[in-house]
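Good morning, and thank you for making time.

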Amino acid sequence: MRNSILEPAAWDLEFPDGARIRWMRAADLTGVAAIERDSYAQPWTSSSFRFEIERQANAIALVIEAKQVVRGYACAWWIEGVLQINNVTVAREARRCGYARRLLEALIAAVRRAGGSRIDLEVRPSNQAARALYRNLGFRSSGRRRGFYAHPREDALLLTRRFGKRGGEGLSSVPSD
Ligand SMILES: CC(C)(COP(=O)(O)OP(=O)(O)OC[C@H]1O[C@@H](n2cnc3c(N)ncnc32)[C@H](O)[C@@H]1OP(=O)(O)O)[C@@H](O)C(=O)NCCC(=O)NCCS
């Protein structure tokens, strides 16, 4: 049986200010790909997002929208109780409005409910905005991948957020940064 964390229907969260988190759909791809191109030197293509929502059985692909406009998105894989976050991006004009925080808090809450053990992601050491975001949400440094990124070439910092056995907060055994 598929875990409900992977069910599109399980993802529909409304916020008091009218923002909404929901599963990414094909109609979102043009807008998502435009945000992606504006945000990265090596952007994912529209087809890569399409693959996530249509073909990748372990994928979670969420958007956050306000006034029916997609402001940001998050893509992750759920594999044996571990969530690997592969993409978190917010449209340039919508940054510092709490959209990324809300996406990540929703993912953290879902992993906790599902009894997951941890969330992993990679980040450029130079990406101060993302590192501050993740640090404030309890992610801690768990390693480094040499030369992981291109354009420009840079190592990746591995960040992990751990959960306790009963879904609570685990005492982190990884060094903090
Ligand atoms: C990183 C990114 C996703 C943050 O999205 P966002 O919606 O602007 O972030 P939020 O508004 O939810 O910020 C939450 C917290 O993160 C931290 N933060 C976010 N942007 C920051 C910045 N530019 N400088 C310092 N801290 C920042 C702050 O602690 C912030 O809380 P605060 O606003 O109360 O101070 C966004 O800047 C982005 O899309 N960047 C380009 C793509 C990218 O780098 N993605 C991450 C790859 S690992």
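Two residues are said to be in contact if their C-beta atoms, placed from the backbone, lie within 7 Å. By that criterion, residues 24 or more positions apart account for 54% of the contacts in the protein chain with a separation of 6 or more. Please note that this is a predicted model, in which local features need pLDDT of at least 70 and side-chain atom pairs count only at pLDDT 80 or more, while totals for chains, interfaces and linings use all residues. Residues are numbered from 1 along each chain as its sequence is written.

The protein chain contains four helices and eight strands, where helices (H or I, at least four residues) and strands (E, at least two) are DSSP runs numbered from the N terminus. Their order from the N terminus is β-β-α-α-β-β-β-α-β-α-β-β. The radius of gyration is 16 Å, close to the 16 Å that the globule rule gives for 177 residues, so the chain is as compact as a globular protein of that length. Here the radius is taken over C-alpha atoms, and the rule is 2.2 Å times the number of residues to the power 0.38. Along its principal axes, the C-alpha trace spans about 40 × 40 × 35 Å.

I turn now to the interior. A residue is buried if 20 or more other C-beta atoms lie within 10 Å of its own, exposed if 12 or fewer, and partly exposed in between. Buried residues make up 27% of the 177 residues. A nonpolar core is a set of buried Ala, Val, Leu, Ile, Met, Phe, Trp, Tyr and Cys residues joined through C-beta atoms within 7 Å. The largest such core has 38 residues, and Leu-62, Tyr-73, Ala-74, Ala-76, Leu-103 and Leu-107 touch the most other members. Which element supplies the largest share of this core? It is H3, with seven residues.

H3 has 15 residues and reaches 21 Å from its first C-alpha to its last, close to the 21 Å expected at 1.5 Å a residue; the expected span is 1.5 Å times one less than the number of residues. Its buried residues are Tyr-99, Ala-100, Arg-102, Leu-103, Leu-104, Leu-107, Ala-110 and Val-111. Among the elements that cover them are S4, S5, S6 and H4. Leu-103, leaving out residues up to four places away in sequence, touches Ile-21, Leu-62, Ile-64, Gly-72, Ala-74 and Val-88. After H3 comes Gly-115, with a positive phi near 75 degrees.

Ile-119 is in strand S6 and counts as buried because it has 26 C-beta neighbours inside 10 Å. Its contacts beyond four places in sequence include Leu-107, Ile-108 and Val-111. Cys-75 lies in strand S4 and is buried too, with 22 C-beta neighbours inside 10 Å. Its C-alpha atom is separated by 7.1 Å from that of Ala-59, 16 residues apart along the chain.

Finally, the ligand. It is surrounded by 20 residues, the closest being Arg-95, Ala-100, Arg-101, Ala-129 and Leu-133; a residue is near a molecule if its C-beta atom, placed from the backbone, lies within 6 Å of it. S5, H3 and helix H4 (128–136) each give two or more residues to this shell, and the largest share, six residues, comes from H4.
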